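Here's a quick briefing on the pockets and the ligand site of one protein model. Have a look at the structure first, then read on.

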Amino acid sequence: MSIKERYILFKKEIPESIHLIAVSKTKSVEDILEMYNCNHKDFGENYVQELVTKYELLPKDIRWHFIGHLQSNKVKFIAPFVYLIQGVDSLKLLIEIQKQAKKHNRIINCLLQIHIAKEESKFGFSKEEIVNLLPRILSDEFNQIKILGLMGMATNIENERLIREEYKFLAELFLSLKEKDGERIAMKYLSMGMSGDYKIAIQERSNMIRIGSLLFGERNYKN
Ligand SMILES: *Cc1c(COP(=O)(O)O)cnc(C)c1O
């Protein structure tokens, strides 16, 4: 099946209200263009260098989502053009995003990443950290940043009950933060769900899913 066919089938399967981020990491510019030509504009990458290269080669109306763990010293490379940084997982990173956004005279949209999985390897704030940090995040110190929601990754095992529990927890936090909607924060996107668990995520009120292998086929990591 071609990428175009897969894309059309997948779009039919999910509710229209769900924001679909096509995760194009390791995939070629040609593959991305094939989907872009289906009028799809949202793509996600998680390596800075790869993202910058693709940004330069591809149409400028693509909305690039940075979805992985972002090192502070690399923010400067994506700050001029990134549409949404999905994995903001530390204060240090927020400080750097603020600095670079100011330098480029733009507001940078961010999602706060929450650690919901049982695995240590996944990044993110705890609920307590978010609650404690929120007044500072919403202060003038971060006036070049707009928080548009939350992102989380569930435990990477086939345990539906556990995944569901983790997504439930994140959705509840999302809803409780919604009450704080204001100038600097708008809980618009709840980014949860990947190829393996997007159905559970949608049932648990996700409105943004990040799908790679189901759309582009399995990834080949060559190095
Ligand atoms: C790679 C990746 C995805 C997509 O994974 P698939 O299983 O291929 O759909 C989603 N989110 C993040 C953060 C990723 O790194």
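Strand S1 (19-23) gives the most to the lining of the second largest pocket, with 3 residues. The model is predicted, so to speak of local features pLDDT must be at least 70, and side-chain atom pairs count only at pLDDT 80 or more, while totals for chains, interfaces and linings use all residues. Numbering runs from 1 along each chain as its sequence is written, and side-chain values use heavy atoms, with hydrogens and water left out.

**Second largest pocket**
- This pocket holds about 270 Å³ of space; a volume is what probe spheres set on the grid points fill, with points joined across faces, edges and corners.
- A pocket here is an open set of points on a 1 Å grid over the protein atoms alone, where a 1.4 Å probe fits and protein lies on both sides within 12 Å along at least five of seven lines; lining residues have an atom within 4 Å of a point.
- It has 19 lining residues, and Ile-18, His-19, Leu-20, Asp-42 and Arg-63 are the closest to its centre.
- Two or more lining residues come from each of helix H1 (3-13), strand S1 (19-23) and strand S3 (63-66); these are DSSP runs numbered from the N terminus, with at least four residues for helices (H or I) and at least two for strands (E).
- The lining splits into 9 nonpolar, 5 polar and 5 charged residues; Asp, Glu, Lys and Arg count as charged, Ala, Val, Leu, Ile, Met, Phe, Trp, Tyr, Cys and Pro as nonpolar, and the others, Gly among them, as polar.

**Largest pocket**
- Its volume is about 710 Å³.
- Of its 32 lining residues, Lys-122, Met-153, Asn-156, Met-194 and Arg-219 are the closest to the centre.
- That lining comes out as 12 nonpolar, 12 polar and 8 charged.
- The ligand takes up this space, going by more than half of its atoms lying within 2 Å of the grid points.

**Ligand**
- Around the ligand there are 13 residues (a heavy atom within 4 Å), and the closest are Lys-25, Ser-195, Gly-212, Ser-213 and Arg-219.
- This shell has 6 nonpolar, 4 polar and 3 charged residues.
- Ligand oxygen atoms lie 2.7 Å from a side-chain N or O atom of Lys-25, 2.8 Å from a backbone N or O atom of Ser-213 and 2.8 Å from a side-chain N or O atom of Arg-219.
- The protein buries 91% of the 390 Å² that the ligand exposes when taken alone (Shrake-Rupley, 1.4 Å probe).

Key:
A polar contact is a pair of N or O atoms within 3.5 Å; within protein, one must be able to donate a hydrogen and the other to accept it, and residues adjacent in sequence count only if both atoms are side-chain atoms.
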